[in-house]
Amino acid sequence: MLENTSNESPHRGLGGYQTPSQTVGPYFAYGLSSEQYLYDFKQLAGNQMVNPIDEKEAITITGKVFDGEGVVIPDAMIEVWHNDGEKQLFGRFGTGTDAQNRFIFHTVKPTSVNGQAPYLSIIVFMRGQLIHSYTRLYFADEAELNSKDEVLNVVPEQRRSTLIAAKTANGYHFDIWMQGENETVFFDI
Amino acid sequence: MSNIIYNRFDEEVHPPRLSPDYKSTVLRAPTKPLVVIKQSLNELTGPLFGDFNLGSLDHDLTKNSVKNGEPLGERIVVHGRVINENGQPIPHTLIEIWQANAAGRYVHKVDQHDAPLDPNFLGAGRCMTDENGNYKFYTIKPGAYPWGNHYNAWRPNHIHFSLFGANITNRLVTQMYFPGDPLLQYDPIFLGVPPKGRELLISQFDLSITEPHFALGYRFDFVLRGHNQNVQAP
Ligand SMILES: [Fe+2]
């Protein structure tokens, strides 16, 4: 049995202590991304954050997630949150179905809010992470706003490029490095 | 909402990023310090799923995947409440769960454990909390299963939970364990949590929610990150 580590029950605020995080593990797909992984269960959200038929401005965002040895991670789950005051969009995609283990999102570019550089909030989950990681995706073709952005300017200059998605023919590319020289900046939000 | 600031993750109870006994963290945990930023519109909001059409059996894993009979195993009801650190209930928030079947086998294609699949059990479900933050699932008690972390490694019985809460700072993915499980003391994922947080992940057997002649009741409550404004929104 577990040792009783403390006599007092863990309470802090009126509500008590935060419930601790645990890893999403390797088997989330049939519960969280069931249609993407071809399980017979309706999924909450997928990678079509907008319907590309309705949206002339639709873009595709692709990227890979790399571990500390530079190996592509095939069992990560990426969530994207877009709120620019005009649109609220959510996407979720696992890296296990694309032949190159990319994540792929079909969406639109957010607009600038109060002069901030436009960005997407990204949440990264995977086996081997006991708690999820938050990052942001900024856009390479917003150099002017990026250079003045309050959040980007808090990030050490040599690491800022890890947050900037490169322009591609139909959207943007954004790789996420969990470790190493180019380790992506993760935020405490 | 203008002056609201959400509390940060409480490191007294959350696991550290690197936890070498759980071997996959070694190459996957960020190594550089997190950059602290001010919460802005994106952090103070999140998806709400008000328009998601929940199926009537989504919360009942004993029925939502039936093909030719009932799933095998011990029927349980898991019931609890979602609040924040301020003690305020989180109403109408989406909870997703997934788990192994009674034999300790996941439907997932990657799971190679030599234990039988159950044709009548998928092991996935979801529900929305009610106006007081309460939720309830019916399911089958999951079995333990082996994994490759170290010699003779077995995961204790657990149900995976995913919660959204008030905004993206509230996002939580965790696992609910069962009281008295002898595997807990050997599990590096559970033990990755600091001692103070561990008992918060163990559900309580509750006779008062046990349904006679039907299902054993377990209670499991959630506390999500709170904020600096103790006045409840009107
Ligand atoms: Fe599991």
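This is a predicted model: local features need pLDDT of at least 70, side-chain atom pairs count only at pLDDT 80 or more; totals for chains, interfaces and linings use all residues.
Let's start with Y177(B), which is buried, with a relative accessible area of 0%.

**Y177(B) and F190(B)**
- The ring centres of Y177(B) and F190(B) are 5.2 Å apart and their planes meet at 70°, so the pair is edge-to-face.
- Y177(B) sits in strand β9 of chain B, while F190(B) belongs to the loop between β9 and α2 (195–198) of chain B.

- Over all chains, the count comes to 27 aromatic pairs.
- One of the pairs is F49(B) with F164(B), an edge-to-face arrangement at 4.7 Å centre to centre and 65° between the planes.
- F49(B) lies in the loop between β1 (35–36) and β2 (75–84) of chain B, and F164(B) in the loop between β8 (158–163) and β9 (172–177) of chain B, so the pair ties together parts that are 115 residues apart in sequence.
- Both F49(B) and F164(B) are buried.

**A cluster of tyrosines**
- One aromatic cluster brings together Y27(A), Y30(A) and Y39(A) with Y106(B) and Y145(B).

**Charges over rings**
- K42(A) lies over the face of F52(B), 4.5 Å from the ring centre.
- Within chain B, R225(B) lies over the face of F9(B), at 4.4 Å from the ring centre.

How values were computed. Residues are numbered from 1 along each chain as its sequence is written. Chains are lettered from A and ligands numbered from 1 in the order in which they are written. Side-chain values use heavy atoms; hydrogens and water are left out. Rings of Phe, Tyr and Trp (its six-membered ring) pair if their centres lie within 6.5 Å; planes under 30 degrees apart count as stacked, over 60 as edge-to-face and the rest as tilted. Helices (H or I, at least four residues) and strands (E, at least two) are DSSP runs, numbered from the N terminus. Buried means under 20% relative accessible area, exposed over 50%, partly exposed in between (1.4 Å probe, protein chains only). A charge sits over a ring if NZ of Lys or CZ of Arg is within 6 Å of the ring centre and within 35 degrees of the ring normal.
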